[in-house]
Amino acid sequence: MASCQLSVVRSKEMTKHSYTTLTVAYEGPLALLTLNRPDKRNAISFQLVDELLRALADVERSHARVLVLTGAGKAFCSGMDLDDLRAMAGLTPEESQDDAIRQARLMRTLFRALYDFPTVTIAAVNGPALAGGCGLATLCDFTLASTEARFGYTEVRIGFIPAIVSTFLLRQVGEKQARDLLLTGRIISADEACRLGLANEVVAADKLMERAHELAATLLQNCPTSLMTTKRLLKNYSAKELDRELEAAVEENARIRLTDDFREGLSSFLEKRKPRWTGR
């Protein structure tokens, strides 16, 4: 049945929009969005965030009824771009706080856009999904994890905090598991991610995109109006609470930038040495 439906999803004519950090392709009613910085392990730069927001808006305006998000190369998304981290290290404390607010609000907008996206979303996680990349992987409606995938909210290892993503994670896995993942910063396997509820399925690496197409074909059999209405209903349940929690997360993200430990964590990470924490 899946193979018959697959022929409906795949179209010989494929429309591509021009971006620098990602690609968007349409296969009939399926949109395929690929993070395309393989040499940077698809790290999150400010340009990538901007293009992701524009790409999501393009897909929303299109005829697509299912969106698949994946990464080019061996990683799904490795977290924040090193060049942006280096630029951050050169800021004064006051500049750093302003930058933190801007950056946190930008990530809030991106995560909220993906979480609230009216079209059904599938993340095909082909490799490591870390920090902000883990957020992108797990905020989709469905998360398919390759056996090569790894997941982790690693911010606390280098003096950052996983502020924006924490409120979404609490809803997905519950408080006890969220505390484990956020406070240890540990990186977990695809199997553990599936057990905890961060992923729906674990798929052999060479079958990942095939399985994403099969799932898309199943979803495309359903009434599109029903799918969009159901997503809107689920979104509205927690919209006001999310707004309040995310604003608090933005403030905490700015506050951590004023600490000595944040500056030490960032320096040690860039210098590839062990941090010397002071608790200040």
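Okay, let's start with what I'm calling a cavity: on a 1 Å grid over the protein atoms alone, it's a set of points where a 1.4 Å probe fits but cannot get out. A pocket, by contrast, is an open set with protein on both sides within 12 Å along at least five of seven lines, and lining residues have an atom within 4 Å of a point. Volumes are the space filled by probe spheres set on the points, with grid points joined across faces, edges and corners.

Quick caveats: this is a predicted model, where local features need pLDDT of at least 70 and side-chain atom pairs count only at pLDDT 80 or more, while totals for chains, interfaces and linings use all residues. Numbering runs from 1 along each chain as its sequence is written, and side-chain values use heavy atoms, with hydrogens and water left out.

So, cavities. Who lines it? Leu33, Leu52, Leu56, Leu67, Leu69, Leu110, Leu114 and Leu136. By class that's 8 nonpolar, no polar and no charged; here Ala, Val, Leu, Ile, Met, Phe, Trp, Tyr, Cys and Pro are nonpolar, Asp, Glu, Lys and Arg are charged, and the others, Gly among them, are polar. α2 (46–61), β4 (66–71) and α4 (93–115) each give at least two lining residues. Those elements are DSSP runs numbered from the N terminus: helices are H or I with at least four residues, strands are E with at least two.

Of its 44 lining residues, Ser78, Gly79, Met80, Ala131 and Ile158 are the closest to its centre. Its lining has 25 nonpolar, 9 polar and 10 charged residues.

The second largest pocket holds about 480 Å³. Of the 23 residues lining that one, Tyr115, Phe117, Asp141, Lys231 and Leu234 are the closest to its centre.

Glu60 is in helix α2 and, leaving aside neighbours within four places in sequence, is in contact (heavy atoms within 4.5 Å) with Phe117 and Pro118.
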